[in-house]
Amino acid sequence: MDTIIQKIDAKPGQRIIAMSDIHGQPDYILQLLRKLHYRNDDILVIVGDLADKGSDSLHAVRYIMDLYLKNQVYVSMGNVDDRLVQLLLDETEGWEQRFHDFVHWQWDVWRRGLILDMLTGMGISPEHITPENTAACRKRLQEHYAPEISFLRQLPTILDMGSYLFVHGGIPTDDLDRLSGTPRYQWLKNDRFLEQDCRFSRCVVTGHWPVCLYRQDELNMNPLFDYERRVIAMDGGCGLKTTGQLNALVFPDKDAPMEKVTWESYDAFPLVTALENQEKKPFSLYIQYLDSQVDLLEEKDGMTLCRHSGSGKELWIPSCYLYRREDGWHANDYTDEELEVDAGDELSVLYSHASGCYVKKNGISGWYRGSYRESPSLGISPGSVSVLGLMNDAENRVQLLMDRDVLQGTYFGCHPNVNTSSLRIRMDDLLERILPAIHHEPLMVELKGNPNP
């Protein structure tokens, strides 16, 4: 497929929010937009890889489609999106085998993904896809999910906005006339783009390659700004990395200088507050994706002593960070660094162990060995959970889910944050007055089951 360039119609002073690599995590988009106080007059830019790897790819695509239809939203193609479109629509020789093999590979390796979600949504188990029924199953998907497939198929390659260009993988030049009509995949999957000596007059904003892989000094998932070459990389490993987060860039104007671009991030890890100071202790080894093979030496209490094949160094790694491939055992991105921590710092807990917690502080991962206090979410005792408890969630860390069937009632019943009393509230008041006042938007779900078991 050829490169398509789309112009972003941004007015002077209009705020632009950009993110990439959603990878099937709709809750991350929702929470990050809420954290940024996303408004209808903002422009939202999503730079590819909407699906796969994460927990709910179909919902992620549909949520983005809904935003796209309602607001000023621009979405570009990612290499994962491109591959999915090819698998769902390709008619060239051997497509049946390619589709069959992909479904079974994704089921064996990830257990989740857009095509798996589509099959499950139609009551088809991925394990039941055979060479004989592949064609019929894909035809059913094409018919049932025509809107989703059409949306992904029409996505442009490059988004053009004032002083900025957005592309998933990377481009060799900001001369768009040279890029228009060229094969698009090379710009969608452009590994290690920042390591190429490309310099631009307009800032190029990319995703695709997790930012932690560009850094050798720390396991850092925050956006990377190269002011000299005018490139921003923002893939925080959402849905892909064990330490992943969804990053968003905030542009105060389409022509704002790079120095005025800010960023925010979201992850769903539990939070704690450090109670002790800790001095930084440099890592003995930083294992990254491209050099991750290890030999397992000893397992004890959820940790495994490993010898890194590339360096020969030994270190203890959480056992849950290890996985097996055809060539042997590998470790997810990991470092044994101990972070500099001050009492009162808020930490995201990635892994808990008797010897301490593997945490993330301001996007950087490492160990914290001190004591901590768990951060309460709603400040409500067990048994008293109530929608009104969201008034205690000033930072919007909790997502409210509502069954659509509840909306059919005139009234809604709940506790007033203690289970010794109950309230009856008009449904209209809950949706139109209470929830807006406490800045929480419900995510509607459909709970299915037998109403008469």
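Q: Two strands count as paired if DSSP finds at least two bridges between them; with that rule in mind, which residue in E9 is the bridge partner of Leu224?

A: Strands of a sheet pair through backbone hydrogen bonds, either parallel or antiparallel. In this structure Leu224 has Ala233 in E9 as its bridge partner, and E8 and strand E9 (residues 231-233) pair in the antiparallel sense over three bridges. The labels refer to DSSP runs, numbered from the N terminus, with helices (H or I) of at least four residues and strands (E) of at least two. This is a predicted model, in which local features need pLDDT of at least 70 and side-chain atom pairs count only at pLDDT 80 or more, while totals for chains, interfaces and linings use all residues. Residues are numbered from 1 along each chain as its sequence is written, and side-chain values use heavy atoms, with hydrogens and water left out.

Q: In what order do the six strands form an open sheet?

A: The order is E1-E5-E6-E7-E9-E8, with mixed pairing. Strand E1 (5-7) and strand E8 (224-226) are the edge strands, each pairing on one side only, and from one strand to the next the twist averages 20°. For such angles, axes are lines fitted to C-alpha atoms (for helices over the stretch in contact), and values run from 0 to 180 degrees between N-to-C directions.

Q: Staying with a strand, is Asp160 buried or exposed?

A: Asp160, which has its place in strand E5 (residues 158-161), is buried, with a relative accessible area of 8%. The scale is relative accessible area from a 1.4 Å probe on protein chains only: under 20% is buried, over 50% exposed, and partly exposed lies in between. Once neighbours within four places in sequence are left aside, Asp160 is in contact (heavy atoms within 4.5 Å) with Ile5, Gln6, Lys7, Ile8, Leu165, Leu176 and Arg202. A residue for contrast is Gly123, in the loop between H5 and H6, which is exposed with a relative accessible area of 68%.

Q: Which strands stand at the edges, each with a single partner strand, in the antiparallel sheet?

A: That open sheet has five strands in the order E22-E21-E20-E12-E23, with antiparallel pairing. Strand E22 (364-368) and strand E23 (372-374) are at the edges with one partner strand each, so one side of each has no neighbour in the sheet. Its twist averages 40° from one strand to the next. Strand E12 (residues 271-274) is joined to E23 by three bridges, running antiparallel, and Val272 stands opposite Glu374 in E23.

Q: What do the buried residues of H10 pack against?

A: Met427, Leu430 and Leu435 are buried in helix H10 (residues 427-437). Down the axis of H10 they fall within an arc of 45°, so they line one face of the helix. They pack against strand E24 (401-403), strand E25 (411-414) and strand E26 (423-426), whereas the face turned away from the buried side carries the exposed residues Glu432, Arg433 and Ala437.

Q: At what angle do H4 and H5 pack?

A: Their angle is about 95°, with the axes 9 Å apart, and H4 and H5 are therefore roughly perpendicular to each other. The classes are roughly parallel under 35 degrees, roughly antiparallel over 145, roughly perpendicular from 65 to 115, and oblique for the rest. At this packing, Phe99, Phe102, Val103, Gln106 and Trp107 in H4 meet Leu114, Ile115, Leu116 and Leu119 in H5.

Q: How many residues has the largest nonpolar core?

A: In soluble globular proteins, nonpolar side chains tend to be buried together. A nonpolar core is a set of buried Ala, Val, Leu, Ile, Met, Phe, Trp, Tyr and Cys residues joined through side-chain atoms within 4.5 Å. The largest here has 55 residues, and Met19, Leu33, Leu44, Leu50, Ile115, Leu141 and Phe151 have the most contacts inside it. Helix H2 (residues 57-70) gives the most to this core, with six residues. Apart from this core lies another, of 38 residues, among them Ile171, Trp187, Tyr214 and Cys306.

Technical notes
Two strands pair if DSSP finds at least two bridges between them. The arc is that of the directions from the helix axis to the C-beta atoms.
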